[in-house]
Amino acid sequence: MRKKIYIHLLFFTLISINTSAQEIKISANNKKLSEVLIELRDNYSLNLSFDDLTLSKYRITVNKKFSSPEKAFDFLIKNLPIAYENTNGVYIFYPDKKKQPINKKYILSGKIIDKENNEPLPYALIYINQAGTVSDEYGNFNFESKKDSIFQIKVSFLGYHLLDTLIPAGNNYRLKLSPAVTKFKEIIIKGSPVIFFGQTGTKAGLIRINNRIAKYIPGSGDNAIFNLIRLQPGIMASGEQSSEIIVWGSYEGQSQVNFDGITLFGLKNYNDNISPINPYIAKDIRINKGGYDATLGERVGGIVSITGLEGNQKKTAIKLNINNTTMNFLGELPIGKNNSLIAAFRQTYYQLYNTNQVSTSSELNQHMQGTNLIVQPDYTFRDANLKFAGQTKNGDSYSLSALAGQDKFYYSVNEQVENTNNMTFNQTFDEKKLQYGTSIRYNKVWKGIGSSKINISYSNLQSDVYDIQGTSQMPMNGNMHP
């Protein structure tokens with residue numbers, strides 16, 4: 001009797017071992033996981049439970065044999081966020097939260113530079129996968145995406161060819177733009193009864209100019225920057241009441257002009273021809289006429305921000321210009337791979353005033369009104385710029401900028417006035433102005449986050465004016481009475 005029981009137990013044990021160790025063969029080519037499991041269920045009489053909609057998202061390609069259903073299931077869901085368990089002979093498939101993919105961020109960051117000299121291009125317009133952004137003052141930009149690891153990027157900057165390319169996610173890209181000049185054909189403007197109102201650029205109250213296009217805009221002398229600015233709408237033209245920058249009807253002193261963060265004072269210029277900023281050193285000019293936030297300062301007028309060149313990092317470059325007012329020199333010297341030194345100097349090289357053609361009218365009293373007196377003026381102007389700039393391997397930018405400008409004007413008069421009973425008029429006028437300043441800047445690039453900058457600047461203006469006037473009368477007996 002015991003032998004029969006042992007035989008029956010052995011028989012059922014063999015059946016159980018054979019069932020659990022049955023060979024499974026899977027042959028699928030890009031099939032849905034749900035379809036593969038249905039075929040296994042039908043071919044091998046397996047009890048399966050799963051969500052068809054969830055498993056149909058995954059595609060399977062396999063041609064292999066397995067020694068058991070468990071090994072087949074383990075292979076199928078190896079790299080998928082799916083798990084299974086055997087409950088009373090039923091294989092239940094369900095989503096495994098531990099295997100759920102983490103939303104990965106694809107980060108793109110870099111710097112926009114000039115192809116010829118590696119000069120950073122500030123505030124360039126950038127379109128990445130149809131999303132718009134703007135580079136910062138040092139040409140840096142950051143962008144992130146949760147969907148795409150390949151970015152279609154378009155970069156535009158005034159005076160340069162459009163850059164349109166595809167690049168993978170990554171950091172510290174250096175996107176180079178090629179300078180370009182587009183010549184337009186003749187444009188005929190006809191009058192129309194309809195009046196249109198528009199704005200310059202895409203942001204209200206903002207005008208931008210750079211050194212690539214400045215030479216094509218009307219001006220005089222050495223393309224004085226102030227002449228260029230005053231040609232823009234909303235800014236008072238030259239010769240109208242003040243030599244200061246007057247924006248949208250503001251008063252003198254309510255607007256600010258800064259160069260590389262250095263505030264400029266005493267913005268006089270000779271006959272509107274010599275600007276207090278060297279046009280060779282200016283790279284980008286941003287004119288905020290209004291509507292700006294508190295980050296730009298506390299002025300109630302306009303703010304003119306001038307960004308200086310950072311120098312040629314590829315080769316030594318020299319510019320020399322002699323015009324009818326000044327001699328202008330600019331030198332650029334690469335230092336190492338990512339540093340450069342740039343220096344500029346201007347000075348008047350001859351007597352700008354012709355003493356034989358200069359006269360003035362005195363209004364000391366009613367007897368001298370309208371009387372022409374010959375004066376002997378002397379005018380000297382000079383300024384200098386020095387800047388050291390560079391970038392680190394991580395894309396950080398740094399610079400040390402310094403400027404100094406000197407303006408001297410002097411004339412004297414000592415002449416007997418006709419028809420005034422031997423009255424002699426004398427005047428000495430001497431005006432000296434010295435403007436100097438320096439700034440230190442550091443721009444830190446945080447990968448995939450953005451950038452931050454610190455700017456420390458100092459500026460000073462020394463102005464000395466000496467003006468003495470007097471008259472004397474020589475009586476007939478030769479004794480002088482003041």
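Q: Which residue forms a salt bridge with Arg41, and how far apart are the closest N and O atoms?
A: This is a predicted model, in which local features need pLDDT of at least 70, side-chain atom pairs count only at pLDDT 80 or more, and totals for chains, interfaces and linings use all residues. Residues are numbered from 1 along each chain as its sequence is written, and side-chain values use heavy atoms, with hydrogens and water left out. A salt bridge here is a side-chain nitrogen of Lys or Arg within 4 Å of a carboxyl oxygen of Asp or Glu. Arg41 pairs in this way with Asp42, with the closest N and O atoms 3.1 Å apart.

Q: Is Arg41 buried, partly exposed or exposed?
A: Buried means under 20% relative accessible area, exposed over 50%, and partly exposed in between (1.4 Å probe, protein chains only). The relative accessibility of Arg41 is 37%, so Arg41 counts as partly exposed.

Q: How many residues apart in sequence are the parts tied together by Glu144 and Lys105?
A: Glu144 and Lys105 form a salt bridge, with the closest N and O atoms 4.0 Å apart. Glu144 lies in strand E9 (residues 140-145), and Lys105 in the loop between strand E5 (90-95) and strand E6 (106-114). Helices (H or I, at least four residues) and strands (E, at least two) are DSSP runs, numbered from the N terminus. The pair therefore ties together parts whose separation in sequence is 39 residues.

Q: How do the residues that line the second largest cavity divide into nonpolar, polar and charged?
A: A cavity is a set of points on a 1 Å grid over the protein atoms alone where a 1.4 Å probe fits but cannot get out, and lining residues have an atom within 4 Å of a point. The second largest cavity has a volume of about 40 Å³, the volume being the space filled by probe spheres set on the points, which are joined across faces, edges and corners. Ala, Val, Leu, Ile, Met, Phe, Trp, Tyr, Cys and Pro count as nonpolar, Asp, Glu, Lys and Arg as charged, and the others, Gly among them, as polar. The lining, which includes Glu137, Asp260 and Arg441, divides into one nonpolar, three polar and five charged.

Q: Where does Gln256 lie, and is Gln256 buried or exposed?
A: Gln256 lies in strand E14 (residues 256-259). Contact means heavy atoms within 4.5 Å, and, leaving aside neighbours within four places in sequence, the contacts of Gln256 include Thr263, Leu296 and Val304. With a relative accessible area of 13%, Gln256 is buried.

Key: On a 1 Å grid over the protein atoms alone, a cavity is a set of points where a 1.4 Å probe fits but cannot get out, and a pocket is an open set with protein on both sides within 12 Å along at least five of seven lines; lining residues have an atom within 4 Å of a point.
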